[in-house]
Amino acid sequence: MATSRFMGYLESRKNIAGSACGLAGLVLTFTGVAGPYWPVVVAGLYGAGALIAPPERPALPDFPDPSAQLEEVRADFDRLKAYLADVDLPPAAGGRLTELTGLLTALLDPGWVTEILAQDPEGLHALSRAVRQDVPEAVDTFVRTRWWTRLAPGQEPPERHLERQLTLLHEEAERLAAGLRETEARRQESHTRYLEDRSR
């Protein structure tokens with residue numbers, strides 16, 4: 001620990017600036033300007049250089065870029081699909097889940113869609129939340145509630161809640177897709193205006 005701190009100081013701006021000023025003090029010594037007080041001059045110039053050097057700037061946190069985040073969400077989605085394949089759902093809820101996972105698959109497929117999505121932090125967050133939280137929680141809650149309903153029949157069927165949740169999640173994914181489509185439409189319109197302005 002002490003060795004790494006010492007090595008860090010040797011490479012620091014303070015040491016580099018101090019050493020440069022100390023070398024200037026040695027030059028003054030060899031030219032006879034410093035006289036018999038040259039050790040004080042060299043040490044003083046080193047200290048002055050170390051004091052005026054700009055402080056060390058801590059390194060920025062190494063956050064993953066949006067493309068890496070998309071890769072992580074894609075891998076999580078593959079795990080989610082493997083989990084969903086083992087869950088027995090009623091036909092209506094199963095159909096809604098198939099529609100939702102189809103749309104999520106289209107949004108996560110590598111290509112120009114994910115390139116646009118990588119530039120949309122809110123959209124990326126919404127997609128990540130759907131894959132990592134909303135869909136698995138909706139399905140898992142249904143599975144657990146269905147077990148309790150068998151013990152106490154007469155309650156509202158849990159599949160109704162699941163169907164409604166999956167419908168809402170599908171609508172949210174459709175809004176995300178529509179937003180990405182609008183982004184591309186605006187980009188196309190901007191390029192048209194640029195070409196029109198250039199031709200004038």
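Select Leu 23, Leu 26, Phe 30 and Trp 38. Together these residues make a nonpolar surface patch of about 460 Å². A patch here is built from residues with over 30% relative accessible area and no salt bridge; nonpolar side chains (Val, Leu, Ile, Met, Phe, Trp, Tyr) are joined within 5 Å, and like charges within 9 Å. Accessible areas come from the Shrake-Rupley method with a 1.4 Å probe, and for residues only the protein chains shown count as cover.

Before moving on, note that this is a predicted model: local features need pLDDT of at least 70, side-chain atom pairs count only at pLDDT 80 or more, and totals for chains, interfaces and linings use all residues. Residues are numbered from 1 along each chain as its sequence is written, and side-chain values use heavy atoms, with hydrogens and water left out.

**Stop 1: helix H2**

Select residues 13–30. This is helix H2, which gives the most to the nonpolar patch, with three residues. Helices (H or I, at least four residues) and strands (E, at least two) are DSSP runs, numbered from the N terminus. Now click on Leu 23, which lies in H2. Is Leu 23 buried or exposed? Leu 23 is exposed, because its relative accessible area is 55%. The cut-offs are these: buried means under 20% relative accessible area, exposed over 50%, and partly exposed in between (1.4 Å probe, protein chains only).

**Stop 2: the whole chain**

Zoom out and colour by secondary structure. The chain has eight helices and zero strands. Read from the N terminus, the elements run α-α-α-α-α-α-α-α. Of the 200 residues, 29% count as buried. The accessible surface comes to about 13800 Å², and 60% of that belongs to carbon and sulfur atoms.

Next, think about contacts, meaning heavy atoms within 4.5 Å. Take the contacts with a separation of 6 or more: residues 24 or more positions apart account for 75% of them.

**Stop 3: helix H3**

Select residues 38–52, helix H3. Pick its end C-alpha atoms; they are 21 Å apart. The expected span is 1.5 Å times one less than the number of residues. For the 15 residues of H3 that gives 21 Å, so the two values agree.

Which residues of H3 are buried? They are Val 42, Gly 49 and Ala 50. Look down the axis of H3. Its buried residues fall within an arc of 100°, so they line one face of the helix. The arc is that of the directions from the helix axis to the C-beta atoms. The face turned away from the buried side carries the exposed residues Val 40, Leu 51 and Ile 52.

**Stop 4: salt bridges in helix H4**

The structure holds nine salt bridges. A salt bridge is a side-chain nitrogen of Lys or Arg within 4 Å of a carboxyl oxygen of Asp or Glu. Select residues 66–85, helix H4, and show side chains.

- Arg 74 and Glu 71: their closest N and O atoms are 2.5 Å apart. The two are separated by about one helical turn, because they are three residues apart in H4. Arg 74 counts as buried at 14% relative accessibility, while Glu 71 is partly exposed at 48%.
- Arg 79 and Asp 76: this salt bridge is 2.0 Å, N to O. Arg 79 is exposed, with a relative accessible area of 53%. Asp 76 is buried, at 17%.
- Asp 78 and Lys 81: the closest N and O atoms of this salt bridge are 3.7 Å apart. Both residues lie in H4, three residues apart, about one turn of the helix. Both count as partly exposed: Asp 78 at 44% relative accessibility and Lys 81 at 35%.

Salt bridges that share partners join Glu 72, Asp 76, Arg 79 and Arg 132 into one network.

**Stop 5: helix H8**

Select residues 158–199, helix H8. Its 42 residues should span 62 Å at 1.5 Å a residue, and its end C-alpha atoms are 62 Å apart, which agrees. Buried residues in H8 include Pro 158, Leu 162, Leu 166, Ala 173 and Leu 180.

Finish on His 170, also in H8. Why does His 170 count as buried? Because its relative accessible area is 16%. What does His 170 touch? Not counting residues up to four places away in sequence, His 170 touches Glu 99, Leu 100 and Leu 103.
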